[in-house]
Amino acid sequence: MRRLACTCLLPFASLAQAGFSGNVAVETQTYTESAQFDGQFDDNVTFSFEPRWNGEWNDGNDLWSVELFLRADNKDAGREHADLRELLWLRIDGDNEWRVGVNTMFWGVTESQHLVDVINQVDLVEGIDREEKLGQPMLHWKRYQDWGVLDLLVLPGFRERTFQEAEGRLRPPLVVDTDQAEYESSDEDAHVDFALRFSQTYGDLDLGLSLFDGTSRDPLLLPGTDAGGKAVLIPFYEQMTQFGLDAQLIYQDWIYKLEYIHRNARSNDFNAAVGGFEYTLYGVYESDLDLGLLLEYSHDDRPENDRGAFDRDVFVATRFTFNDQQSSEILAGLIVDVDKGSRSFRVEGSRRFGASWKAILELQTFSNIDGDDVLAAFEHDDFLLLELAYYF
Amino acid sequence: MLPRKFLIAVLVALLPVLAGAQTPEEKGLEIARAADAYDKGFGDFTADMVMTLINKAGETAQRNIRIKTLEVEGDGDKSLSIFDQPADVRGTRMLTYSHGLEPDDQWLYLPALKRVKRISSRNKSGPFMGSTFAFEDLGSQEVEKYSYRYLREEPCGEWQCYVIERYPAYEFSGYTREVAWIDQAGYRLVRAEFYDRKKALLKTLTASDFQQFLGHYWRPGKMFMQNHQTGKSTLLEWNNYRFRTGLTDRDFRSQALKRGN
C-alpha cells in the first residue's frame with residue numbers, strides 16, 4: 001500500500017513517509033412504509049469506498065493529502081457519485097499556514113444543525129443529517145496571533161448540492177433537476193467567494209466570528225419543468241453575505257453552545273440561531289458509562305414559507321458512551337417543531353468488532369408531521385439502516 | 001577551631017535526628033518535590049505507545065498512539081496524542097493542557113467530521129480508550145495534585161525505594177488514596193496501588209524496563225495496570241523516546257489539530 005502511494009499517485013511522496021488509510025462499507029436501508037411517491041424503492045443496498053493518502057516532506061513543514069469518496073448503489077442513481085474531498089498541499093511557516101487545493105472543513109459548535117458552517121457544500125444524498133460534505137477548492141491562509149487566529153479563504157469554483165433522483169427516498173414531492181441549476185451571479189459556478197474568520201480561546205470560552213461573501217450553498221428550489229414537460233424543482237443559487245458567531249463555554253460538566261447567523265440575500269434578509277447545552281454524567285452507577293444529555297433550540301426569523309426544516313425546533317438527545325474496548329456509543333435524539341408539533345426521531349449506535357470492523361445501526365422515524373411542514377415529504381420514509389465498515 | 005571534616009561528621013550523625021523532627025507528611029512532600037525537581041528541565045519528548053488491552057478472558061485488543069509532550073514552566077505539561085490504531089479512530093488527535101488542581105483544557109479532533117471539539121475534562125477518572133488506565137493516571141504529575149505521607153523505605157527489585165502515600169487533592173479524582181514506590185537513585189515510579197472511592201484496592205501499576213535519557217531522565221519502557229475488581233489489565237509499551245526534539249507552543253495549538261498526518 002505504501003508503494004502504491006509513493007510510485008503511482010504523487011511522485012514527491014517518495015521524499016518522505018506516505019500513509020494509506022480509509023474504509024470500505026456496505027449499507028442496507030429498509031423503509032418500513034410503502035413509498036409516498038411513484039418509483040421510490042422500499043429497500044436498498046449500497047457500497048462506499050473512502051481512501052485517503054497522505055504524507056509530508058521538508059521536516060513536516062509541507063504536507064499533502066488526498067481523500068476520495070465513492071458510492072455505488074443498486075437502486076438509487078442519485079446517490080451514486082464520486083467526490084474529491086481533499087487534494088491538499090499544506091505549508092506550515094511559523095505562525096502561518098497555507099493551504100492550496102481542495103479541502104473539507106468544519107466551523108461551529110452545535111449538534112442539531114450547523115448554521116455557521118458554510119464553506120463546503122452539503123452532500124445531501126449522503127444523509128439528511130447533513131454531516132457529509134463535498135470538497136471545496138480553496139486558497140486558505142491561517143495566521144496565528146496572540147490575540148486570536150485569522151483565517152482568510154478565497155474559494156474559486158462552486159459545488160452544487162446533491163439531490164436524490166426520482167427513485168430515491170427522503171426527497172421532495174417533485175424531483176430536483178440539478179441539470180437546470182441557475183445562479184444569481186452571471187459568473188454562475190465560477191464565481192469566486194471569500195470568507196474570513198477570527199477565533200480565539202478565552203479560558204473556558206471558545207469564540208468564533210466569521211464572514212462569508214459569495215454563492216449561497218443553500219439553493220432556493222423553484223418550480224419548473226424538465227425537457228419532457230414534467231414538473232420539477234430547479235435549484236437557484238443566490239449571492240449572499242453571512243455574518244456568523246459561534247461560542248462554546250465549559251462550566252463544570254456543562255458545555256453551553258451557541259451559533260448565530262445573519263444572512264443577507266436577495267430573497268431574504270434574516271437571522272437564525274441555535275443554542276443549548278450538553279451535560280455529562282460521568283461513570284453512572286459506578287460503571288464506565290458516561291451519559292450525555294443534550295438540549296438545543298433553533299430559531300429562524302424568516303416568514304414561515306421560506307424557512308428550512310429547522311425553523312423553531314427543540315432538539316433533545318441522550319448520548320451513551322460506554323468507554324469499553326469496542327468504543328460502543330448510542331445517540332438518541334428527538335427534534336420537535338414547536339409551532340407544528342412535527343417530530344423527527346433518530347437513534348444511532350456504533351460498535352467496533354475486532355481491530356478493523358465497525359457496525360453502525362440507525363433508526364429514523366417521522367411522526368405527527370404537519371401537512372405544511374417541509375418534512376411532510378418524508379412522512380413515509382421511516383427507515384432502519386445497517387452499515388458494516390472495514391477500516392484499513 | 002574544629003576541622004571541617006569533624007563538623008560534617010557531626011552533621012551526618014545528627015541527620016536521623018533532624019529527619020526525625022520531620023513529620024511523615026513533611027517527608028512525603030519532600031520526596032515528591034525531589035522527584036518533581038529531578039524530572040524538571042526535560043524540555044519536550046516524543047514517543048510511540050502500544051497499548052494492549054487484556055480482558056478477563058485473556059482476549060487482547062491493541063491501540064497505537066503517538067505522544068508529544070512539552071514541559072510548561074509553572075503549570076502542567078501540554079501533550080498531544082495521535083491515534084494510529086484501531087483503524088477506525090486513525091487520525092484522531094487529543095490535545096491536553098494539564099493544570100494542577102484546575103481541570104485540564106482538552107480538545108479532540110475527529111477526522112471523520114473534520115471537526116475540532118473542545119471537551120469537558122473535569123472528570124479524569126474514566127477509562128482511557130477502554131483501558132484500565134484512567135485519564136488521571138496518564139496526565140502530568142504535578143506536586144500540588146496530592147498531599148503526601150511517608151510510610152517506609154524498602155527494597156524494590158534492584159533498587160531501594162521510598163514508599164509514600166498520596167491523597168488526591170483534585171476534587172474529581174476517582175481515588176481516595178495511592179501508595180507509590182519511588183526509587184531513591186532516579187526517582188522512578190516503580191509501582192503504585194490505587195484505592196477507589198470506597199477505599200478498596202482498585203488497581204496496581206507496575207513499571208519496568210526503564211531507560212535513561214540525556215544522561216538523567218528515566219522513562220519506563222513498560223507500564224502494566226491490573227484492575228483487581230474487573231480482572232482486566234492493560235500493558236503500555238513505550239518505544240522511540242526522543243527528548244528535546246524542538247517542539248514549541250506552536251505545536252500544541254488547538255487550531256493546529258487539523259493539520260499533520
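Where is A:T280 placed in chain A?

1. A:T280 sits in strand β15 of chain A, residues 269-281. The model is a predicted one. At a relative accessibility of 13%, A:T280 counts as buried, because buried means under 20%. Beyond its neighbours within four places in sequence, A:T280 is in contact with A:D253, A:D290, A:L291 and A:G292. A:K75 is another matter. A:K75 and A:T280 are 205 residues apart in sequence, and their C-alpha atoms are 41 Å apart in space.

2. Next, the salt bridges. Over all chains, the count comes to 53. In general, side chains of opposite charge can pair when their charged atoms come close.

3. A:R169 pairs with A:D42 in a salt bridge. Their closest N and O atoms are 2.8 Å apart. A:R169 lies in the loop between β7 (148-156) and β8 (182-183) of chain A, and A:D42 in the loop between β1 (18-31) and β2 (43-57), so the pair ties together parts that are 127 residues apart in sequence. The two partners are covered as follows. A:R169 is buried, at a relative accessible area of 1%. A:D42 is partly exposed, at 36%.

4. A:R159 forms a salt bridge with A:D83, and here the closest N and O atoms are 2.8 Å apart. This pair links distant parts of the chain, 76 residues apart. A:R159 is in the loop between β7 and β8 of chain A, while A:D83 is in strand β4, residues 81-93. A:R159 has 24% relative accessibility and counts as partly exposed. A:D83 has 4% and counts as buried.

5. Which residue of chain B meets the side chain of A:E111 in a salt bridge? The partner is B:R115, at 3.3 Å from N to O. The pair crosses between chains. A:E111 is in the loop between β5 (96-103) and β6 (136-145) of chain A, and B:R115 is in strand β6 of chain B, residues 115-119. Both residues are buried. The pair also belongs to a network of salt bridges. That network links A:E111, A:K257, A:E278, A:R319, B:R115 and B:K117.

6. Strand β3 of chain A (residues 62-73) is joined to β4(A) by 10 bridges, and the two run antiparallel. A:L70 stands opposite A:A82 in β4(A). Seven bridges join β4(A) to β5(A), again antiparallel. There, A:I92 stands opposite A:E97 in β5(A). The hairpin of β4(A) and β5(A) has two residues between the strands. In this hairpin A:G94 takes a positive phi near 60 degrees.

7. What makes the nonpolar surface patch of about 570 Å²? The patch is made by A:V24, A:F49, A:L70, A:F353, A:W357, A:L388 and A:Y390. A:W357 lies in strand β20 of chain A, residues 357-367. At 40% relative accessibility, A:W357 counts as partly exposed.

Key:
Residues are numbered from 1 along each chain as its sequence is written. Chains are lettered from A and ligands numbered from 1 in the order in which they are written. This is a predicted model: local features need pLDDT of at least 70, side-chain atom pairs count only at pLDDT 80 or more; totals for chains, interfaces and linings use all residues. Side-chain values use heavy atoms; hydrogens and water are left out. A salt bridge is a side-chain nitrogen of Lys or Arg within 4 Å of a carboxyl oxygen of Asp or Glu. Helices (H or I, at least four residues) and strands (E, at least two) are DSSP runs, numbered from the N terminus. Buried means under 20% relative accessible area, exposed over 50%, partly exposed in between (1.4 Å probe, protein chains only). Patches are made of residues with over 30% relative accessible area and no salt bridge: like charges are joined within 9 Å, nonpolar side chains (Val, Leu, Ile, Met, Phe, Trp, Tyr) within 5 Å. Accessible areas come from the Shrake-Rupley method with a 1.4 Å probe; for residues, only the protein chains shown count as cover. Contact means heavy atoms within 4.5 Å. Two strands pair if DSSP finds at least two bridges between them.
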